[in-house]
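I opened this model to look up how its chain is folded and packed. My notes follow in the order in which I made them.

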Amino acid sequence: MARRRSSTAKTTRGKSEREARAEHLTWAALVLAFALVHLGAGNFPNWLLPFAGAVILLVSGVYQYSRRWHVSPVTWIAVVILALFAFYSYQVEPNAEFLSESLIVFAGIILLGVITGDT
């Protein structure tokens with residue numbers, strides 16, 4: 001009978017399974033947020049997608065940091081960029097739409113994680 005690996009076992013890139021799972025859940029939440037906002041494009045304010053992305057990445061980063069897992073500086077930079085998009089769209093120019101820019105930031109975070117194994 002095969003033994004189940006413990007949740008603290010290291011993956012090929014030196015991360016625990018829990019750490020990798022947390023990152024994968026973050027990526028899934030980003031994709032889900034984009035899909036929900038994109039499918040209901042006319043029903044949501046323009047600032048919602050970058051705000052949701054910033055919150056998802058911030059919560060994920062704080063959670064991972066609190067577990068003493070490494071969080072890439074690119075994650076924190078993405079939080080700031082998305083928060084600035086949301087602020088600009090909410091306060092400065094309510095008609096400004098950052099759908100494409102938010103998608104680029106989301107894709108960059110996911111691609112960076114896949115390529116380097118570090119988000």
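**Entry 1: ground rules.** I am working from a predicted model, in which local features need pLDDT of at least 70, side-chain atom pairs count only at pLDDT 80 or more, and totals for chains, interfaces and linings use all residues. Residues are numbered from 1 along each chain as its sequence is written, and side-chain values use heavy atoms, with hydrogens and water left out.

**Entry 2: whole chain.** I found four helices and zero strands, where helices (H or I, at least four residues) and strands (E, at least two) are DSSP runs numbered from the N terminus. Along the sequence the pattern reads α-α-α-α. Of the 119 residues, 36% count as buried; buried means under 20% relative accessible area, exposed over 50%, and partly exposed in between, with a 1.4 Å probe and protein chains only. I also looked at contacts (heavy atoms within 4.5 Å). Among those between residues at least 6 apart in sequence, 60% join residues at least 24 apart.

**Entry 3: H1.** Helix H1 (17-39) has 23 residues and reaches 32 Å from its first C-alpha to its last, close to the 33 Å expected at 1.5 Å a residue. The expected span is 1.5 Å times one less than the number of residues. Among the buried residues of H1 I noted Glu 19, Glu 23, Trp 27 and Phe 34. The buried residues of H1 pack against H2 and H4.

**Entry 4: H2.** H2 has 19 residues, and its first and last C-alpha atoms are 27 Å apart, close to the expected 27 Å. Its buried residues include Pro 50, Gly 53, Leu 57, Gly 61 and Gln 64. The cover over the buried residues of H2 includes H1, H3 and H4.

**Entry 5: H1 against H2.** I looked up the geometry of this pair next. Two packed helices are described by the angle between their axes and the distance between the axes. H1 and H2 pack at about 170°, with their axes 10 Å apart; axes are lines fitted to C-alpha atoms, for helices over the stretch in contact, and angles run from 0 to 180 degrees between N-to-C directions. H1 and H2 are therefore roughly antiparallel. The cut-offs are under 35 degrees for roughly parallel, over 145 for roughly antiparallel, 65 to 115 for roughly perpendicular, and oblique for the rest. By class, the contact of H1 with H2 has twelve nonpolar, four polar and one charged residues. Ala, Val, Leu, Ile, Met, Phe, Trp, Tyr, Cys and Pro count as nonpolar, Asp, Glu, Lys and Arg as charged, and the others, Gly among them, as polar. On the H1 side the contact includes Ala 22, Glu 23 and Thr 26, and on the H2 side Leu 48, Ile 56 and Tyr 63.

**Entry 6: H3 against H4.** The axes of H3 and H4 come within 11 Å and cross at roughly 170°. H3 and H4 are therefore roughly antiparallel to each other. The contact includes Val 74, Ala 78, Ile 81 and Phe 85 of H3, and Glu 101, Val 105, Ile 109 and Leu 112 of H4. The residues of the contact of H3 with H4 divide into nine nonpolar, two polar and one charged.

**Entry 7: H4.** The 18 residues of H4 (residues 99-116) should span 26 Å, and the end C-alpha atoms are 26 Å apart, which agrees. Which residues of H4 are buried? They are Leu 99, Ser 102, Val 105, Phe 106, Ile 109 and Gly 113. Seen down the axis of H4, the buried residues fall within an arc of 140° (taken from the directions from the helix axis to the C-beta atoms), so they line one face of the helix. On the other side of H4, Ile 104, Leu 111 and Ile 115 are exposed. The cover over the buried residues of H4 includes H1, H2 and H3.

**Entry 8: Leu 82.** Leu 82 sits in helix H3 and is buried, with a relative accessible area of 0%. Leaving aside neighbours within four places in sequence, Leu 82 is in contact with Pro 50, Gly 53, Ala 54, Leu 57, Ser 102, Val 105 and Phe 106. Leu 82 and Leu 57 are 25 residues apart in sequence and 9.5 Å apart in space, C-alpha to C-alpha.

**Entry 9: Arg 68.** Where is Arg 68 placed? It is in the loop between helix H2 (48-66) and helix H3 (73-92). Arg 68 has a positive phi of about 65° although it is not a glycine. Arg 68 is exposed, with a relative accessible area of 78%.
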